[in-house]
Amino acid sequence: MLNIVARNRVLMLLAVMAAACLALGFAAPGYLSAATASVILSNSLVLLLISLGTMLVILTRNIDVSSGSILGLSAATLGMSLNAGVSLPLAIALCVLTGMAAGALNGLLVAYLRIPSIVATLGTLGLYRGIMLIQTGGRWIEDLPQNLKALAGGIGFGISILTVTVLGLFILAWIFLRRTRFGRYFYAVGDNRDAAHHLGVPVRRVQFTAFVASGACAAIAGLIFAAQIGFIPNQAGNGVELKAIAVNVLGGVSLLGGSGSVAGVFTAAIFLTSIDSALVFLKIPAFWNDFIAGAILLIVLLLDGRIRLLIDRRIRARRYAVHARTPQGGGATGKIADKALLAEASR
Amino acid sequence: MTADLAAGSAAQLTNIWKSYGPVPVLKGVSLALQQGEVHALLGGNGAGKSTLMKIMSGLVSANAGSIEINGVPLPHASPALAQQLGLYLVPQEAHILGNQSVLENICLGLRPSPRALRKRVEQLIAELAVTLDLDAQAATLEIAERQIVEILRGLVREARVLILDEPTSALTPFEVHALFQRVRKLQAQGVGIFFISHKLREIREICGTISVLRDGAVVLSGPLDTYSDAEIIDAMSRVTTGAAPTGAPAKRSGTGAGPVRLSVRKLSGEGFRDISLEVRAGEVLGLAGVVGAGRTEFSETLFGLRRQSGGSVALDGVELANRSPRRCIDAGLVYLPEDRQQNGLFLDAPLYWNTSSYLIHRLPFLLRPGHERSLFDKFRQSMGIKCTGPGQSAKALSGGNQQKVLMSKCLSAAPKVLVLDEPTRGVDVAARNDIYALIRKLAADGVAVILISSDFDEIELLADRVVVMAFGQLGGELTENISVDAIARLAFGAGEQAHA
């Protein structure tokens, strides 16, 4: 039982979420509805994408704190080119390219120029925000064309084309990480960089790719942001990178790299967003959002840590029980039995 | 086909130069490996062995020179390319991806999926005569099992050139025997093998050719039969360091050791139980056993790193209850850990920080670096630690010198009882002799020494008395006629014949 809980963060989150939803359903009738689900989903799109990009970077044992600024910069690119009369598809392409270029610079700094990722992306966090402010002169970008805002409109079932895009990207990422060789390299690089290098994994290319992908995700998040809100404030995306890191941690992605799943990130992002909407429903002032989100994050992590500790202790006890049981003259057979038991204990 | 292969060249290194900064590490090294040849490669600390191996396997690029694998030149440094050409380096410290399964660890970087390779891997495991759970998480593997994973990586890649970097340093004699059988089989298939080791006995058993590196140059190369052990050791170490070969340090002449220093009564804990032993001042007690016998667990429990489940420990007749490392250090019981990289040294810190790290809680609030430096310099002189100065970081030193720094850290605490866990693992012959001499000198000064080692030769050479642990329990004690055979018999349980 314990093993199932510890191995499966997604299940645990789903259970907590289901319990919370049920409780809310009782406390505030009307919360449990398709409309709420649709609102939560569309509200979480930006966080979902930023978290996905951040996850790719964290898997390779780096971190990206510049994604909020990349979001802002690419959204500004989008808005300014649209307002300059560029067609929507071209503007979207420019927006994504901006994000990828920003990610590529991060990747260049970290993978090839060997700057620690936290330092490099802290630097670009300021840099990209600065470029955005200089470009826009610090003004908000308003009067975005209707066809952009239309992207956020429903296409049935309370779902927009943006939602479909995000879900599609998640499925793509899932296939990429689980089913492709290059995806497996992401885990390998984060788990043990030297080992990966030694086994011929192109370590730097993997790290670089992760940053570019993160930049692209942030850019698409910028597009969603602009379409949903209808204008682009000069602080667009500010602080979302830290929230995304929290989502990753909550979703079971190890900050030390090498482990985590797309499903975990997805569930955790939805979970955090649903807290926000629940508070609205309960008419709790919005000032409480951050406090409650932080407290829940800590509780989940604390619980998780205790469970892991318990399991470790059990494995150890079982491993060492092997010695206590071994008969006196246990020669070769004893040794083999020993190994089998060890293997069993570590399972 | 085999005869055909045996003639060809497996690897050819020509005039390799490499320097890190202004210091040349390799000065024009040329080596040839024939197919089906097991080629021993020896060298002291800092001789350039590991750099050479890294260059050959594409991990590091050379400044000049050329590398050919199976007749194809390696155009630039790339481990992937070297592996494609058929070369695999089995490193001394296994590279493990802890979060992944054992199977994924073995197959990472290969084109076919792990699932497709499973059969092949299982077959190799059967041929190697080892047990390994392919679905276990790799982080749970023991050191010896990790090494087997590395060897399997090489085998599953069907390497034509294998470099084994001290492959036996973590294996039990039984596993060494199995490994050697596998090496012979590979040899018969025409695989060329570079065999790096510090153990001449193993080299004699398995190798046909030998090359010795010293100060970045090949100083001896040819068929192994034509050289005596003395010649090899001489070529490897002496001329430059100037010291005379110490050989086997004399054991204590008088058997009447001093008073009992440490007495352990029925100590039990994780991985061992009911261990009782005594060590006297001026005595070297060998604690022998194979990997996994529970020796490290015992000594870590002794030093307060793990919780005991029963028994008692007394130092100079005073019971040491609720042991913690600091309490043990203050009482005069000091432990030198087995894994110097992980548990022994602060690798990024300057050397003098390392030396005084066991004493740090006794130093004044405001540290006096001058004193610490001079403390280090004292040990540097007495042990012959090769370094640029007390401010150098520990990771820059070679294995033997790191081990000496670790020793000096233990000695700085002025121990009454010193527990040495594998003090010569990964240490070259010259530094090993220095450490042996030091151990004898400590005993002569009245320190009670417990020497833990899987190398039974070492125990035979140094110990006044031997206790053997097997399967977590005391397997027996030897007070006279200490011999490798007698130790091995006890270590494997009386029923089994030792393969050593």
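## Chain B: elements and overall form

Chain B of this predicted model contains 18 helices and 20 strands, where helices (H or I, at least four residues) and strands (E, at least two) are DSSP runs numbered from the N terminus. The radius of gyration of chain B, taken over C-alpha atoms, is 23 Å, close to the 23 Å that the globule rule (2.2 Å times the number of residues to the power 0.38) gives for 500 residues, so chain B is as compact as a globular protein of that length. Along its principal axes, the C-alpha trace of chain B spans about 70 × 50 × 45 Å.

## Chain B: domains

The domain assignment, which is automatic or from a database, divides chain B into domain 1 (2-241) and domain 2 (260-491). The centres of domain 1 of chain B and domain 2 of chain B, taken over C-alpha atoms, are separated by 30 Å.

## Chain A: annotated spans

In an unreviewed entry, UniProt places the feature "transmembrane region" at residues 37-59, 80-105, 111-131, 151-177, 208-232 and 244-271 of chain A; such positions follow the numbering used here, feature names are shortened, and annotations may be inferred rather than shown by experiment.

For residues 111-131 of chain A, the end C-alpha atoms lie 23 Å apart, and the span is 81% helix and 0% strand. For residues 151-177 of chain A, the end C-alpha atoms lie 29 Å apart, with 63% helix and 0% strand in the span.

## Conventions

Residues are numbered from 1 along each chain as its sequence is written, while chains are lettered from A and ligands numbered from 1 in the order in which they are written. Because this is a predicted model, local features need pLDDT of at least 70 and side-chain atom pairs count only at pLDDT 80 or more, whereas totals for chains, interfaces and linings use all residues.
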